[in-house]
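Please read this briefing alongside the sequence and the 3D structure.

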Amino acid sequence: LPNKTWCPFHFYRSSQDIKPYFTSVLYNLESVFPLADANLSNPSCWAYPDMLEIGVANFTQAEARSHYAAWAIISSPLTLSLDLRNHSLVDSLWSIIANPEIIAINQAWAGFSGSRFLFINSSSAIVQFLYKPIIYNLSTAVLIMNLAHFTVSNLTLSFDSVPSLPCLSLCQVRDVFLRSDLGIFNSSFSIPSIEPHDSYFLLLSST
């Protein structure tokens, strides 16, 4: 692994080999957080929790979406491992892997590579919140992942809990998956429910 003065790689493995299971995705994702928090994942020295398993593992669409979004928001190289000759498979995942807003978030650099800022583990919710600043003092991406095997209901994202968020009162909220604006919200954003292993991917911007 690199340190603050030594990194002879363009990217480096942060984890063990990934396996075609959603639990392995979460395990490898976890390996990046301490490196990002120590600023050891940055341009020309990216932490890499191994290749993407979407299209290889028997993931639901929700799991594939969450996996791709998680790798994007932590600035990991997005290395596909699916068989690109399988046109029906590629077509089924195209809205995820070719989403230009997800790719733009992955490619953005505003001083921090992305990490987790909140984790909820209770009988009614197992949810983690990731963030990445996208444009200095203008916008921040937030990924809210339901890690549970059950639907989680009535979640609230308080804007003042998001590090580096430029809008603590009125924020423009955009759904990155749907590529649509959701409106302007004051202080928080409410999520009625998230299906098992699914996510909300949001871009929060100053109005």
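Predicted model: local features only at pLDDT ≥ 70, side-chain atom pairs only at ≥ 80, totals over all residues.

Residues are numbered from 1 along each chain as its sequence is written, and side-chain values use heavy atoms, with hydrogens and water left out. Helices (H or I, at least four residues) and strands (E, at least two) are DSSP runs, numbered from the N terminus.

**The sheet**

- Six strands form an open sheet in the order β3-β4-β5-β10-β7-β8, and their pairing is antiparallel. Two strands count as paired if DSSP finds at least two bridges between them.
- The edges are β3 (115-121) and β8 (180-186); each has a single partner strand, so one side of each is left without a neighbour in the sheet.
- On average, neighbouring strands of this sheet are turned by 25° against each other, direction ignored. Axes here are lines fitted to C-alpha atoms, for helices over the stretch in contact, and angles run from 0 to 180 degrees between N-to-C directions.
- Strands β7 (residues 170-175) and β10 (residues 199-206) run antiparallel and are joined by five bridges. Aspartate 175 lies opposite leucine 202 of β10, and valine 173 lies opposite leucine 204 of β10.
- β5 and β10 are also paired in the antiparallel sense, over seven bridges. Leucine 204 in β10 is the bridge partner of threonine 140.
- How many of the eight residues of β10 are buried? Six of the eight are, and the strand is mostly covered. Buried means under 20% relative accessible area, exposed means over 50%, and partly exposed is in between (1.4 Å probe, protein chains only).

- In α1, the buried residues are Phe22, Ser24, Val25, Leu26, Asn28 and Leu29. These residues pack against α2 (32-37), α3, β4 and β5; contact means heavy atoms within 4.5 Å.
- Helix α4 (residues 87-97) has Leu89, Val90, Leu93, Ile96 and Ile97 as its buried residues. They are on the same side of α4 because they cover an arc of only 95° around the axis. The arc is that of the directions from the helix axis to the C-beta atoms.
- An α-helix has 3.6 residues a turn, so residues three or four places apart point the same way.
- Which exposed residues does α4 carry on the face turned away from its buried side? They are His87, Ser88, Asp91, Trp94 and Ser95.
- The buried residues of α4 pack against α3 (61-73) and α5 (100-107).

**Helices α3 and α5**

- The axes of α3 and α5 come within 7 Å and cross at roughly 30°. The two helices are therefore roughly parallel to each other, by a rule in which angles under 35 degrees count as roughly parallel, over 145 as roughly antiparallel, 65 to 115 as roughly perpendicular and the rest as oblique.
- On the α3 side, Tyr68, Trp71, Ala72 and Ile73 make the contact; on the α5 side, Ile102, Ile103, Ile105 and Asn106 do.

**Salt bridges**

- A salt bridge is a side-chain nitrogen of Lys or Arg within 4 Å of a carboxyl oxygen of Asp or Glu. By this rule there are eight salt bridges.
- Aspartate 198 and arginine 65 form one of them, with their closest N and O atoms 2.8 Å apart. This pair links distant parts of the chain, 133 residues apart: aspartate 198 is in the loop between β9 (188-194) and β10, and arginine 65 is in helix α3.
- Aspartate 198 counts as buried because its relative accessibility is 12%, whereas arginine 65, at 22%, is partly exposed.
- Arginine 174 and glutamate 101 meet through their side chains in a salt bridge (2.7 Å, N to O). Arginine 174 belongs to strand β7 and glutamate 101 to helix α5, so this pair too links distant parts of the chain, 73 residues apart.
- A network of salt bridges links Glu101, Arg174, Arg179 and Asp181.
- Aspartate 83 and arginine 85 also form a salt bridge between their side chains (2.9 Å, N to O). Aspartate 83 is partly exposed at 33% relative accessibility, and arginine 85 is exposed at 70%.
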